[in-house]
Amino acid sequence: MPTGVALRDARARLFAAAERVLTRDGAGGLTSRAVTEEAGVAKGVLHRHFADFDDFLAGLVRDRIARLQAETDELTGTAGSATLVSNLVEALTRIFTPVNLGLVGVVIARDDLRSRLRATTPHGIPILTEAGAGLSAYLDAERRIGRVTADVDVRTLALTLIGTGHLLFAGELGALPDASAVREIVEAITVGAEPGIRP
């Protein structure tokens, strides 16, 4: 990489390379050498912009969280359109991408990384915590317009969707579940949440 390339360009290039490595090789293949080789830059480029590899990973996780929050904000704006189930199926599919699943695994495996992320995600597991908050906001918007019953605890419902979704997407032996499997779990979890639809 030529000297003088803007920090933002270097960060974006390294983050994109890390995402490709995660998608291709999984969490076990995500090393500083793999990232810089994938990005086509010298190893020193990463250390010029980040204190160490955990600092780089923290930046990558925060970047993914920002993108995820933008998507869940967009989801909240869809309240009242399509169906509750179809919106939640789409949301879970966007949340549990191979990159996000890989990063959750990396966060769980690296104590120092989790400590660094506590500044922005004080509780829970980064990415999953923010995804749960986003789903909760969407469900609350649906509740306010009457598409979710008034007595539903939307936070608990959102966390149930995130926990079950994570198990479903991470447990398919490396392959993502098909849409019908995702729809099945969403329908099972949301039974009773929609007015007139009771178990």
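**Close-up 1. Helix α5 from end to end.** Helix α5 covers residues 84-95 in this predicted model. Count along the helix and you get twelve residues. From the first C-alpha to the last, α5 reaches 16 Å, close to the 16 Å expected at 1.5 Å a residue.

**Close-up 2. The buried residues of α5 and what they pack against.** Which residues of α5 are buried? Here's the list: Leu84, Val85, Asn87, Leu88, Val89, Ala91, Leu92 and Ile95. And which helices do these buried residues pack against? They pack against α4, α6 (98-109), α8 (128-144), α9 (154-170) and α10.

**Close-up 3. Thr190 in helix α10.** Let's hop over to α10, the helix made of residues 179-190, where you'll find Thr190. Is Thr190 buried or exposed? Its relative accessible area is 3%, so Thr190 counts as buried, the cut-off being under 20%. Set aside the neighbours within four places in sequence, and Thr190 is in contact with Val85, Leu88 and Leu157.

**Close-up 4. Phe15 meets Phe50.** Now for some rings: the structure holds five aromatic pairs. One of them is formed by Phe15 and Phe50, with 6.0 Å centre to centre and 40° between the planes, and this pair is tilted. Where do the two partners sit? Phe15 lies in helix α1 (residues 7-25), while Phe50 lies in the loop between α3 (43-49) and α4 (53-76), so the pair ties together parts that are 35 residues apart in sequence. Both partners are tucked away: Phe15 is buried, with a relative accessible area of 5%, and Phe50 is buried too, at 3%.

**Close-up 5. Phe53 and Phe56, a stacked pair.** Why is this pair called stacked? The ring planes of Phe53 and Phe56 are at 15°, with the centres 5.7 Å apart, so the pair is stacked; planes under 30 degrees apart count that way. Both residues lie in helix α4, three residues apart, which is about one turn of the helix. As for burial, Phe53 has a relative accessible area of 11% and is buried, and Phe56 is buried as well, at 0%.

**Close-up 6. Four rings together.** Which residues do the ring pairs link into a cluster? The members are Phe15, Phe50, Phe53 and Phe56. Phe15 comes from helix α1, whereas Phe53 and Phe56 come from helix α4.

Notes:
Residues numbered from 1 in each chain as written. Predicted model: local features only at pLDDT ≥ 70, side-chain atom pairs only at ≥ 80, totals over all residues. Heavy atoms only, no water. Helix = DSSP H or I, 4+ residues; strand = E, 2+ residues; numbered from the N terminus. Buried < 20%, exposed > 50% of the residue type's maximum accessible area, 1.4 Å probe, protein only. Contact = heavy atoms within 4.5 Å. Phe/Tyr/Trp six-rings, centres within 6.5 Å; stacked < 30°, edge-to-face > 60°. Expected span 1.5 Å × (residues − 1).
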